[in-house]
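Q: Please take me through how the labels given to this structure are reached.

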Amino acid sequence: MSDASFVRTEMLSEQDPPPTSVGVIGWLRANLFSNWWNAILTVLCLAVIWYVLSGLLGWTLRSVWNAGSLNECREIMIATWGSTHGHACWGVIGDRWLQLLFGFYPPELYYRPILALLLLFVALAPVLFADKVSPRLLYVTAAYPFLMPWLMWGGSIWMPIGVAAGFVLAYLVGRKLDGSVPGLVLGILSAIIWWMLWLGFPIQAEVFNTGLGEILGAGLGKSLATISPDIAPFWLETVISRNFGGFMLSVLIGVVAIGCSLPLGILLALGRQSNMLIVKAICVGFIEFIRGVPLITLLFVASTLLNIFLPPGTNFDIILRVMIMVTLFAAAYMAEVIRGGLAGLPTGQYEGADSLGLNYWQAQRLIIMPQALKISIPGIVSTFIGIFKDTTLVSIIALLDPLGLSNSIRADTDWNGIYWELFAFIALMFFIACFGMSRYSMYLERKLKTEND
Amino acid sequence: MAESMHDTMVEREIDRRKMQVSEEVAIQITDMNKWFGMFHVLRDIDLTVQKGERIVICGPSGSGKSTLIRCINRLEEHQTGQIVVEGTELTSDLKNIDKIRSEVGMCFQHFNLFPHLTILENCTLAPIWVRKIPKREAEETAMHFLEKVKIPEQAEKYPGQLSGGQQQRVAIARSLCMRPRIMLFDEPTSALDPEMIKEVLDTMIELAEEGMTMLCVTHEMGFARQVANRVIFMDDGQIVEQNEPEEFFNNPKSERTKLFLSQILGH
């Protein structure tokens, strides 16, 4: 009998793994103390984390919450802990948090921005969670762009209705001509003519920023806006743009820029790929110009230079101007992110769509964009987050975003010299919003992935 | 030569009575030329395809055979000459192009299914959006054709979950859902594992038996012999030889054809 032959006579039964490789001990060994070097690093890291946290948590938690001024804060600190070092004075937040949230918006009208925010969530729900929410909510989404400015600035309901009617008109004209290029152009033209009639053109000199009806100028909408308190229902008290501020302003600019830059970015990305030379040249020129210029420059153009080019006496609302600039800025970046997604699609997808007889817009909407946007989700959300944080730059042109407000709060003798607490609060608010966007993008990526492979 | 036929040759009795060629013209190509930049890919192509014809186009790579059938549904644009499909001439008029594309189905080497849609959605998309057929009806049609290609149970899956052969059969079903009058096949089996080629060829044979007008770029000579009523050999962007399959394979006239056939059948 050769040594190579072997026959098992008895089968082995299953045994437990050694206790050092499972459970808490196993996990610790595998992840933190797998060898001496890693064990030393683990201990060092824990020490650093402990050092940072003990300082930070001590400052955050052993703090003064009820104080009307920085001096009062300091007195309480000295009375309690014997020194002012290492203690936060959250009194400033307690004292001014409404201002940080709403700026100088009239307190009795706070319900309007709050309502606008709640409606924003309702309007976003069918877009963000299409599989969980009734598609009927999309009507809210469609109405929101017109409802929101009315709630924020007030004035007559006829103003947003008139603007919305322009879009409906453009759609109807475009559809009548079967979605062809001349139909598209005619649709846009008819809407512009309608808006000119509705808003009045050229913009009148005597018009001031009093409500949405007067933001753009005066015309049919203006005359309705001025007489409507008596005869037209749904009149809201107007709030002027100068009184907007705080997170309300950041969210307002951020939401508009995010909401408008995605469709604009898609169009720019498609234009950049177009066979039509002039369309392509315009898109490339626009994207490269905007990307080559700092946002601050564009904001300065919006706040000062634009007046030089507009007819004298024009008063073109500053927040609207900033929104347009931030949107254009975001759209240029968005276009490049989406172009990356388009480049990732094999040409076979275009050919597949073409061979079935889908026209250009159908192919883009049903085949190309769903895939290109899915590839670009991380980049798109990064751009969104970047834009939202960039809204703090408007403090440079004297708009009272949270950072601008922190300066004016410090200008008050009560709170002269307070920095960290304000910035910590502002940072926390931004973090909550940005972290939310980031988590949503991960959720979306996960969801689209499991459906596919 | 016939004995050394490709080992995936499909052995089944086919019903030739239904495979009648009619006198009506489906595709008429006259004096057609195409260039890629300075490169003259298609030279003076003249081709008339009758309704119900099953034409296999073969030739060495780079001979322009794929480009030729891609010109028929305007995936490639020809520069001179005339292409008339089902009575409509292909010009730069987008309406005409979309009309012809909805009448002409196409299957690609790499299937080109839409990976973000289920099999059923792949099949119903064009009928719903191009033909404006109600969703329910489009789904019934889609299931009918998925049964025909023998994969109705995969309807809710995504293309990425299917094998290559299954994907190509879905691609065929997707084209059929548009009820096309002509089917173009651009090397439908070239990207498939050998054991999957048969299932795709079987589907194509069934289609031929139903009298579909077919133009097929392929190197499956067994398929050509069994199903085609005409084989076209292309080289250097020109039609070098065309004939009935028996005559084409057993008695090729041109030296190039002989060389080509000896190379693909001789191993």
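Q: Why is B:K51 called partly exposed?
A: The relative accessible area of B:K51 is 22%. Buried means under 20%, exposed over 50%, and partly exposed in between, with a 1.4 Å probe and protein chains only. B:K51 at 22% therefore counts as partly exposed. This is a predicted model, in which local features need pLDDT of at least 70 and side-chain atom pairs count only at pLDDT 80 or more, while totals for chains, interfaces and linings use all residues. Residues are numbered from 1 along each chain as its sequence is written, chains are lettered from A and ligands numbered from 1 in the order in which they are written, and side-chain values use heavy atoms, with hydrogens and water left out.

Q: What makes the pair B:K51 and B:E24 a salt bridge?
A: The rule asks for a side-chain nitrogen of Lys or Arg within 4 Å of a carboxyl oxygen of Asp or Glu. For B:K51 and B:E24 the N to O distance is 2.9 Å, so the pair meets the rule. B:K51 lies in the loop between β2 (39-50) and β3 (54-58) of chain B, and B:E24 in the segment before β1 (25-36), so the pair ties together parts that are 27 residues apart in sequence. Helices (H or I, at least four residues) and strands (E, at least two) are DSSP runs, numbered from the N terminus.

Q: Is B:E24 buried or partly exposed?
A: B:E24 has a relative accessible area of 48%, so B:E24 is partly exposed.

Q: Which salt bridges does B:R181 form?
A: B:R181 pairs with B:E86, the closest N and O atoms being 2.8 Å apart. B:R181 lies in the loop between α5 (164-176) and β7 (182-186) of chain B and B:E86 in the loop between β4 (80-85) and β5 (88-89), so this pair ties together parts that are 95 residues apart in sequence. B:R181 also pairs with B:E103, with closest N and O atoms 3.4 Å apart. B:E103 is in helix α2 (residues 94-103) of chain B, so that pair ties together parts that are 78 residues apart in sequence.

Q: Why is B:E86 called buried?
A: The relative accessible area of B:E86 is 17%, so B:E86 is buried. B:E103 is buried at 16%, whereas B:R181 is partly exposed at 43%.

Q: How many salt bridges are there over all chains?
A: By this rule the count comes to 28. A:R272, A:E288, A:R291, A:E336 and A:R339 are linked in a network of salt bridges.
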